[in-house]
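Biologist: I would like to learn how to read helix packing. Please take me through it on this example.

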Amino acid sequence: MSSISVRHLYKVFGRRPERGIAALKEGRSRDEIKDEMGLTAAVVNATFDVSPGEIFVVMGLSGSGKSTLIRMVNGLLEPTSGEVTIDDLDVTRAKGDELRRVRREKISMVFQHFALLPHRTVGENAAYALEIQGVNRSEREKKAEEALGMVDLGGWGGSMPSELSGGMRQRVGLARALAAGTDVLLMDEAFSALDPLIRRGMQDQLVELQDRLGKTILFITHDLNEAMRLGDRIAMMRGGEIEQIGTSQEILNEPVNSYVSQFVQDVDRSRVLTAADVMRAPEQAAGSTPDPGGAVAGPTDLLADLYTVAARHGGPISVLDDGRLVGSVPLATLLAAGGTPDGERVTGQVAEEAPGAQSGSHAATPGPSAPAVGGPPPGGADAGGGE
Ligand SMILES: Nc1ncnc2c1ncn2[C@@H]1O[C@H](COP(=O)(O)OP(=O)(O)OP(=O)(O)O)[C@@H](O)[C@H]1O
């Protein structure tokens, strides 16, 4: 299984771009470099690792440098300086045949605009990367059909792309990447052109597939909700720089600066955080066996669902995984977790943690000022387009 390593990566557009890097290292700003040297610093000193089997999301507004970054990772664009390695192979130094081989055998791309070949069938499109790899026809038909099955398009292989909806076409794009059998998937705004409901379905499907396939995924998006839903970790980018890398929970609860904290302030935390994110370990919970008939949830259930459970059964909520008690969520924790780090956003009444409290005795739903999904980030651009 592959890993991706990005080290001190810079891309500066313009004449003699090294001047820009030197100036940035001296502490000059991106704007100064633009004004004084006519250079655009698209990616500035990006460093991160994507572990095998991880979904790592790079999230940022338009112009923050996401596409430039991903194009350097797949070797389409040469960095001004820095290094990208996939496993032990230095993508930034590979040339010609070696680079083509890495891109063919290690990396698959999924784009926003599907990039399907219109005059080829769905099956041929799904098999396209295998054709480039030189795989024989029967083998590639078999693999393409399998991949189409994985994205719920079994039986559509003989259709033409024009007969498919946008969501289905994007699934063909994903099937093509899966059929290629590469460990690394690079997904550039892959779901951004889809309607919100379809997009949500694709996100769920990707998470399910990932559970089974364990690819190493670098996913680019401008949509914070999408980033939080998909990412094991998220890199928040602004003006070419990575401001913070962390899990959704870390970014929500410990934003490193005012930019990140403004960005996440309108996120509906109850639709991002799960029971596992907020639960206490069973030994720290009041009772180590679930209350018969009491409130129960699964570790991946969202806080939004936990509110409903708590409203019905009271609290605390026992968190069970395969019938085993793995934690407990006290009501006060549940309500506090739904708010911002300073706890201002949820105004539901927190009732006493009375063991055995009866159904409906807790006002365990967020009050009227509970955060809305995907409000505007700093600058007012759309960070909530996933809904
Ligand atoms: N080939 C190029 N020549 C000059 N400047 C470029 C080039 N490609 C990108 N840029 C600039 O680099 C910066 C980062 O662009 P990039 O496309 O990587 O951002 P992005 O976050 O992917 O934005 P979007 O979501 O709109 O695609 C922008 O200021 C852009 O204008």
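Modeller: Two packed helices are described by the angle between their axes and the distance between the axes. Helix α8 (residues 166-179) and helix α9 (residues 196-213) pack at about 20°, their axes 11 Å apart. Axes are lines fitted to C-alpha atoms, for helices over the stretch in contact, and angles run from 0 to 180 degrees between N-to-C directions. α8 and α9 are therefore roughly parallel (under 35 degrees; over 145 is roughly antiparallel, 65 to 115 roughly perpendicular, the rest oblique). Helices are DSSP runs of H or I, at least four residues, numbered from the N terminus.

This is a predicted model, in which local features need pLDDT of at least 70, side-chain atom pairs count only at pLDDT 80 or more, and totals for chains, interfaces and linings use all residues. Residues are numbered from 1 along each chain as its sequence is written, and side-chain values use heavy atoms, with hydrogens and water left out.

Biologist: Which residues of α8 and α9 make the contact?

Modeller: Contact means heavy atoms within 4.5 Å. α8 contributes G167, Q170, R171, L174 and L178, and α9 contributes I198, M202, Q205, L206, L209 and L213.

Biologist: How do the axes of α7 and α8 cross?

Modeller: Helix α7 (residues 137-150) and α8 have axes that come within 8 Å and cross at roughly 130°. α7 and α8 are therefore oblique to each other. On the α7 side the contact is made by K143, A144, A147, L148 and M150, and on the α8 side by A175, L178 and A179.

Biologist: What domains does the assignment give?

Modeller: Domain bounds come from an automatic or database domain assignment. Here that gives domain 1 (49-117 + 183-267) and domain 2 (275-338). The C-alpha centres of domain 1 and domain 2 are 32 Å apart.

Note on methods: Helix = DSSP H or I, 4+ residues; strand = E, 2+ residues; numbered from the N terminus.
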